[in-house]
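Here are my notes for your first read of this model. Please keep the structure open and check each point as you go.

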Amino acid sequence: MAPSWGGSYFLLLCMLLGFSTIAYGGNFNTDFDLLFGDDRVKISDGGQSMSLAMDKYSGSGVATKDQFLFGRFDMKIKLVGGNSAGTVTAFYLSSTGDHHDEVDLEFLGNLTGDPYMLSTNVFANGVGGREVQYYLWFDPTADYHTYSIDWSPARIILWVDDTPIRVINNKEIIGVPFPTKQPMRLYTTLWNGDAWATRWGQVKIDLSQAPFIARFKNYNGTACVPKKGIADCKGFGASMKRGLDNENKKKLKQVNSKWVVYHYCRDLRRYAHGLPFECRRDNIAHSDNNQ
């Protein structure tokens, strides 16, 4: 599958800059390993499509064979339809260990007719708690939509179709951890999260509706694979440092004004003794809305 960052020109640029391996992912058969769920994972269309199922015994999931340090990852996803309360469909990057890094897109199911919630979060060196949650402006169960993680040393941009929904800038300059040092794998999973996923766990999963099925296709990853060490990927994604153009800044502003249902920086009950450092007024110049 063709890369999303400018094709052969981008590949040539990366070669000139000395990156050891550039991964152009696009096949569920060759690019992913089974994580859990056995035959609940079904791959079709020559590796271009995949479904994950969950029943009363288990969910399912896959993870990329390679680990990456910076890149863009796109996936078309059609979420579980009907009564999906308690289900979590996840598309995320993660390293391992107690001090892991992670970039999350988690789709929290709901009762029939009620909207899905998209929950996003970022961990760096084991520190998370930066949740921002959204309602989507369409029915994500009716058709496929493209969800993207765009990760560079300067920032992470999360996309829904052609709309940026969140920008997480690298704020290490003010002491806020940011994922720049740990290679991460890409995961897609479907699992039972009814302890918390729907209405803070008040609505439980109805296993009589099983199997629950989420569908995926047209995976594309353009990323650096650090074969010898993280120095292999130094400078990768430099073209992303410019951030969003004016049109996409307007789209981001519209999403933030209409579709955000929870933002950790506004949670005065959770942070009664003081907001996180990056949320404080003195650091407004470093906020996620400055690209």
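Strands here are DSSP runs of E with at least two residues, and helices are runs of H or I with at least four residues, both numbered from the N terminus. This is a predicted model: local features need pLDDT of at least 70, side-chain atom pairs count only at pLDDT 80 or more, and totals for chains, interfaces and linings use all residues. Residues are numbered from 1 along each chain as its sequence is written, and side-chain values use heavy atoms, leaving out hydrogens and water.

1. Start with Phe70. This residue sits in the loop between β5 (60–64) and β6 (71–78). Its phi is positive, near 85°, and Phe70 is not a glycine. Is Phe70 buried or exposed? Phe70 has 4% relative accessibility, so it counts as buried.

2. Now look at Asp161. The loop between β12 (155–160) and β13 (163–169) holds this residue. Asp161 also is not a glycine, and its phi is positive at about 55°. Its relative accessibility is 28%, so Asp161 counts as partly exposed.

3. Next, a hairpin. Strands β3 (residues 41–44) and β4 (residues 49–54) pair in the antiparallel sense over four bridges. Two strands pair if DSSP finds at least two bridges between them. Lys42 stands opposite Ser51 in β4. Four residues lie between the strands of this hairpin, and Asp45 takes a positive phi near 55° there.

4. Check the peptide bond between Ala210 and Pro211. The bond is cis, with omega about 5°. Pro211 belongs to the loop between β14 (185–192) and β15 (212–224).

5. How many disulfides does the structure hold? There are two. A disulfide is counted when two cysteine sulfur atoms lie within 2.5 Å. Numbering the bonded cysteines in sequence order gives the pairing 1-2, 3-4.

6. Take the pair Cys224 and Cys233. Their sulfur atoms are 2.1 Å apart. The torsion about the S-S bond is about -85°, so this disulfide is left-handed. Cys224 is buried at 0% relative accessibility. Cys233 is buried too, with a relative accessible area of 0%.

7. Finish with Cys265 and Cys279. The S to S distance in this disulfide is 1.9 Å. Its torsion is about -65°, so the disulfide is left-handed. Both cysteines lie in the segment after β16 (260–263), so the pair ties together parts 14 residues apart in sequence. Cys265 counts as buried at 19% relative accessibility, and Cys279 counts as buried at 15%.

How values were computed. Buried < 20%, exposed > 50% of the residue type's maximum accessible area, 1.4 Å probe, protein only.
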